[in-house]
Structures are given as C-alpha cells and as structure tokens.
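Hi everyone, thanks for coming. Let's walk through one protein together, step by step, and please have the picture open while I talk.

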Amino acid sequence: MLFVNFFLQNSNGNARRGVLETANGKVETPAFMPIGTQGAVKGGIEPRDLREIGAEMMLANTFHLHLRPGEETIEKLGGIQKFSGWNSPLLTDSGGFQVFSLAAIRKITDEGVRFRAPTDGREVFFTPEKVMRIEHALGADIIMAFDECPPYPAEKSQVEHAVRRTTDWAKKCKVEHDRLVQESRKDQVLFGIVQGGVFPELRRQSAEELLELNFSGMAIGGLSVGEPNENMYEMCEFLAPILPTQKPRYLMGVGTPIDIIEAVSRGIDMFDCVLPTRNGRHGKAYTSKGETNILLARYEQDNNPIDEECSCPVCTRYTRAFLRHLFKSGEILGMRLLSLHNLAFYQSLMRNIRNAISCNTFWEFRRNAIAAFGQGKKECSSSEKS
C-alpha cells in the first residue's frame, strides 16, 4: 500500500508538500526522481552516490529492462531493487513514451503495440496486461499504467483516439494489476496517466474517466514533447482542481529547474527528467546563479567550485579548472562528476522548494529562482570561446 499525507499552505497557492510511504521507504514531496533507464543512472552514478546527495526514489524503464536482460532474469535475481543495488523506493514507467518514440517501426491497435526491438530487431507485442506482468515481475514500489502518448503537434481527432485508447488500456491494466496483487505481492501500487495533449476538454475527459478506476496516484503524460512551456503550465493548472487532493500527482519527463518550480506552483508532487545527467555529460552545470558551461575559457584557471553555495561531493572536492581540464582531456571522470553535481543540485532544489512551502515563502523563492535562471541562460548563450 501507498500511504500519502499532503500539507497544503493556502499562502503558497497550489504548491504543497507531503510524504509518500512505500514498502521500501518514504519519499518527501515535491520530489525529483533520477532516471535509471537500465537500472542504473547514466554517467556512472552509483546508488551510494544517489543516497549521498539525498535522492529518495529512482525511476527505471520497463521498455528497456524487458528487452535486456528481461523481467524473468530480474525477478529470479530478487527484483529490480536488489538487482540494481538501489534498496529504496523505485518507480517503473510503462514504456508508453518509448513506444511513442518508435513511430517508424511500431503499429498501434486497440489491443496493444507491435514493434521491432531496437536491440536485436525481434518482434515485440505490448498489451496492457503484458505490461502489468512485466512491471510486477520487475517489482517496483510504484508502477505505471500503459498509455498512448500522442505527438505534438497532433490533430484533435488523433488526440481523441489516444485518450479513448488510454482509458481502455487503463481499465485492462487495473484489472490485471488487481489480479496480480492478489496472487503475489501486496505492496505494489498503480498510477494512471492522464492524456489529452493541449486540449483542456480532452484532459478533463481523460482525468475523469481515470478517476473512476481509483488509481493510487495520477500522472500527467504527453507533455514536454515539443509544446510551448506555457501550454504545459496551462494543462497542469487546469488539472489541479480535477485531480484528487490526497493522491500524488506526477508530471512525467519534466524538466528544467524553472519547469519544476512552475509545476509545483500548480500542485505537482513528482518529477523525473534526463536533463541533469544528459547536460552533465556535455559540460553544462546547474548552479544557484543559473546555468553555465564548464568548457568556457574563463574557467581554465578558476580555483573555485562549480557552485560556491553547493555542498555536494563534487563542489567540496573539485575546482572548475580541474573539471574543465577533464572535459578537454576526454576523461570520463569529468562527465561523471558534472552529472553527479547536477543531480545533487536537483535534490537541493527540491529540498529548498519543500522548505519554502513549509515556511510560506514559496512565491518569494519562485521569484528569485526565475531571476537566477534567466541570468544563467543568458550566460550559457555567451559567445565566449571555450
């Protein structure tokens, strides 16, 4: 079971903090989940690194783990937490977004999705029931229903079909999940995924249909797929009064620090995104003063840490000059360290958000963060040669 307790401060608008208690520990929200696609976070980040920076929940990818090494192998080896060494709360997605990204090699029907595995070319058929069996075998604390994620832009009729199919698949997922819970473990919980693109009436339809199924939490999918940020914020704000107050709300695949802050202000509790590690592998660092690029020439002899206000393992041990040297030398360590710093920054961001909500200073925090990252983006676009 998932025990949820949320605390809403009226002076913070829809921003709220809470605690999720899972079979493998508790998670304070708003929370950011590092992405462990294959059961490991990219950039050489170990579970002990995640624990050191304060991460409480990780996300793993059902689609990729099914293809390699397979859920049967993971189940035999004790489940995804034991297999990966992450003995803390874990969420598995359903593969819906990955299927969406395979547009050229997949076929969607009302029964499911048939596609060619990008690993070895074999044919795979995902049905809602099969996805539930895969996720149960993987053994995560929170699992996601199988959905259809329409592209952006898309005709309204295409999004309508995706909403209908997502609801139909959600019903099948719920039936199969309930059956599997009765047969095996009792502590996995299932979240539904609201679709509907940027059409408010379709978002309302999707949410209301899914609410009838009484999922343990609700996710918002199909955003951050190319639409303007304003559309994403609008959909979150629109859904806030529709989604249950005492169930967690998860905005999938989001995002930048500002996106997270804006979504929190609209009542969102959970986030995941590849940006901290992806950008870290390319030399981009998140700091309390905004974003910067460690490859800039001005860092060649800079003896300061990436962020003087950061106490992460990287900032307490290494200088900007050394990190720039690692990147310039092609040393893998540079990618690992910057990825770790960025993940630590995101965890610090979430702690600061939670503290601001508790102290009724969230709006001031939001204003200062937007100012800092506006300046940071300007800095990153500098024409200074690296």
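Let me start with a question: is Asn214 buried or exposed? Asn214 is exposed, because its relative accessible area is 52%, and exposed means over 50%, buried means under 20%, and partly exposed lies in between (1.4 Å probe, protein chains only).

Before we go on, a word on where this comes from. This is a predicted model, in which local features need pLDDT of at least 70 and side-chain atom pairs count only at pLDDT 80 or more, while totals for chains, interfaces and linings use all residues. Residues are numbered from 1 along each chain as its sequence is written, and side-chain values use heavy atoms, with hydrogens and water left out.

Now the whole protein. Its secondary structure comes to 14 helices and 17 strands. Here helices (H or I, at least four residues) and strands (E, at least two) are DSSP runs, numbered from the N terminus. Along the principal axes, the C-alpha atoms fill a box of roughly 60 × 50 × 40 Å. A compact globule of 386 residues would have a radius of gyration near 21 Å, and the protein agrees with that, at 21 Å. That radius is taken over C-alpha atoms, and the globule rule is 2.2 Å times the number of residues to the power 0.38.

What share of the 386 residues is buried? Buried residues make up 55% of them. The protein exposes about 16300 Å², and carbon and sulfur atoms supply 48% of that area; the areas come from the Shrake-Rupley method with a 1.4 Å probe, and for residues only the protein chains shown count as cover. Next, contacts, meaning heavy atoms within 4.5 Å. Among contacts between residues at least 6 apart in sequence, 68% join residues at least 24 apart.

Let's zoom in on helix α9, residues 229-239. Its buried residues are Met232, Tyr233, Met235, Cys236 and Leu239. Seen down the axis of α9, these buried residues fall within an arc of 160°, so they line one face of the helix. The arc is that of the directions from the helix axis to the C-beta atoms. What do the buried residues of α9 pack against? Their partners are β12 (189-194), α8 (200-211), β13 (217-220), β14 (249-251) and α10 (257-264).

Helix α6, residues 128-138, is another one to look at. Of its 11 residues, 8 are buried, so α6 is largely enclosed by the rest of the structure. Those buried residues are Pro128, Val131, Met132, Ile134, Glu135, His136, Ala137 and Leu138. After α6 comes Gly139, with a positive phi near 90°.

Now please find Val198, in the loop between β12 and α8. Val198 counts as partly exposed, at 24% relative accessibility. Not counting residues up to four places away in sequence, Val198 touches Tyr152, Glu227, Asn231 and Met235. You have already met Met235 as one of the buried residues of α9. Val198 and Ala154 are 44 residues apart in sequence, yet 9.4 Å apart in space, C-alpha to C-alpha.

Ala154 also turns up in the surroundings of Val159. Val159 sits in helix α7, residues 156-183, and is buried, with a relative accessible area of 2%. Leaving aside neighbours within four places in sequence, Val159 is in contact with Pro150, Ala154, Gly196, Gly197, Phe199 and Leu202.

Let's finish with some backbone details. Which residues does the cis peptide bond with omega of about 10° join? That bond joins Arg68 and Pro69, and Pro69 is found in the loop between α2 (62-67) and α3 (71-76). There is also a cis peptide bond from Val254 to Gly255, with omega near 0°. Gly255 has its place in the loop between β14 and α10.

And back to Asn214, where we began. Asn214 lies in the loop between α8 and β13, and its phi is near 60°, a positive value in a residue other than glycine. Asn360 has a positive phi of about 60° too, although it is not a glycine. Asn360 is in the loop between α13 (332-358) and α14 (362-380), and counts as partly exposed at 39% relative accessibility.
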